[in-house]
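Try each task yourself before reading the solution.

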Amino acid sequence: GGPDPDGQAADAPQLPGPSDGRGRPVEGAGALAPVLALDRDDVRSDVLDGVLEAFRGRRKVPRPEGWSDLYAGLATVKPPALLDRVLRLAVILDEPRAVEALRTVLMEPTSDPARRASALSTLVERRTPGLERDLPGLLDDASLRAPVLRAMAAFPTPDAPKIILGRYASLSPAEREDAVATLASRSAWAMALLDAVEHGTVPRREVSVPIARQILALNDAPLTHRLEAVWGSVRATSADKAALIGKYKAVLGSGESNPSAGRAVFRRTCYNCHKLFDDGGDVGPELTGSDRRNADYILENVLDPSASVAREYTVTNVATNDGRLVSGILRAQTDAVLTIQTANERLLIPREDVEAIKASKVSMMPEGQLEALSPQEIRDLFSYLAAPGQVAPPR
């Protein structure tokens, strides 16, 4: 059709425009369909990015009038990255053809692993019915195993612990972390995890202090008693901490150190959460400007990270309506969605799924990290932390 008095195509479907963070459309931001209908992939990509950001956390948005014809055209775009954006928007608009298209990408072993992981993420966010039945089989695919282990936490499938623990011995160390985090997200699953610890299927050391705290936060008395019997107490005494500081100070003074080797230790143990010399993750605070040359300061923060911690790095526990507990840093929140950074992923939790939110004074940083390192690795790590600038990687 011809343009209307406002310069828009009269027959074009009207997509809902970006929201103001409270689920309400921003005035004048609609009428995006004519732009998406343009044969300009760069324009479409920018528009889709903006719309997807606006719809973050909204489980479903009403489909606009004329959507079917618009989707038929958009679904033929060639660039895979652009098509993925189209499909993500279409799933939010409850388009069944898009759900099936994403399922096809996910279940095709020869598809690009990054596209498959993106499809999985979108389908999990929408809690797509039936997806939970596909997940166990996808654990056989090494390229998807880690995100699938994380995705299983989103569905209250009764046999999930049996499926995960049956494969535990064959998982990589990083996959085991994902598996344990998933099992600790629901009371019945956490009980199965603790049974596995007792029987030796899961080594006790692979249940970290943050995981133990998450199990406590489930607020289940029998589970708490089981944790204490099988794993132990979460909080060490001040005398224990003083003894540990003395122990590790002796280690630091007992031999030579290699900052380059320490860089490799940092990469393995600290890199995902902390940035040093403009390299690393952003879960925890940046270390470049901290008092890194003071061994006492570093030891106190590593051995007792919750003793003094900024509020933005403390753990928030979010309980969902289907019995899941998510523990992590609350990165952002609106009336529509919470953004939670856990130890292994960033999650969007729609407000409509939230049953309770409870802040804590506990640091996201786990205790006991030095216990897994040899004396030489500890000396190397501390020498790297104390370096005035970036050092060469080990040969």
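In which strand does Thr339 lie? And is Thr339 buried or exposed?

Solution. This is a predicted model, so keep that in mind throughout. Start with the strand: Thr339 belongs to β5. Next, take the relative accessibility, which is 5% for Thr339. Buried means under 20%, so Thr339 counts as buried. Now look at the neighbours, skipping residues up to four places away in sequence: Thr339 touches Arg56, Ile329, Leu330, Arg331, Ala332, Arg346, Leu347 and Leu348.

**Exercise 1.** Work out which strand β5 pairs with, and in what sense.

Solution. Find β5 at residues 337–341 and β6 at residues 346–350. The two pair in the antiparallel sense, over 5 bridges. For a spot check, go to Leu338, which stands opposite Ile349 in β6. Then follow the chain from β5 to β6: a hairpin joins them through 4 residues.

**Exercise 2.** Classify the ring pair Phe277 and Tyr384, and say where its two members sit.

Solution. The count for the model comes to 3 aromatic pairs. For Phe277 and Tyr384, the ring centres are 6.0 Å apart, and pairing needs them within 6.5 Å. The planes meet at 80 degrees, and over 60 counts as edge-to-face, so that is the label for this pair. Now place the partners: Phe277 is in the loop between β1 (275–276) and β2 (279–280), while Tyr384 is in helix α17 (residues 375–385).

**Exercise 3.** Describe how helices α6 and α7 pack.

Solution. Two packed helices are described by the angle between their axes and the distance between the axes. For α6 (residues 113–125) and α7 (residues 131–138), the angle is about 150 degrees and the axes are 11 Å apart. The crossing is left-handed. To see who makes the contact, pick out Arg116, Leu120, Leu123 and Val124 on α6, then Leu131, Leu135 and Leu138 on α7.

Key: Residues are numbered from 1 along each chain as its sequence is written. This is a predicted model: local features need pLDDT of at least 70, side-chain atom pairs count only at pLDDT 80 or more; totals for chains, interfaces and linings use all residues. Side-chain values use heavy atoms; hydrogens and water are left out. Rings of Phe, Tyr and Trp (its six-membered ring) pair if their centres lie within 6.5 Å; planes under 30 degrees apart count as stacked, over 60 as edge-to-face and the rest as tilted. Two strands pair if DSSP finds at least two bridges between them. Buried means under 20% relative accessible area, exposed over 50%, partly exposed in between (1.4 Å probe, protein chains only). Contact means heavy atoms within 4.5 Å. Axes are lines fitted to C-alpha atoms, for helices over the stretch in contact, and angles run from 0 to 180 degrees between N-to-C directions. A crossing is left-handed if the near helix is turned anticlockwise from the far one by less than a right angle, and right-handed if clockwise.
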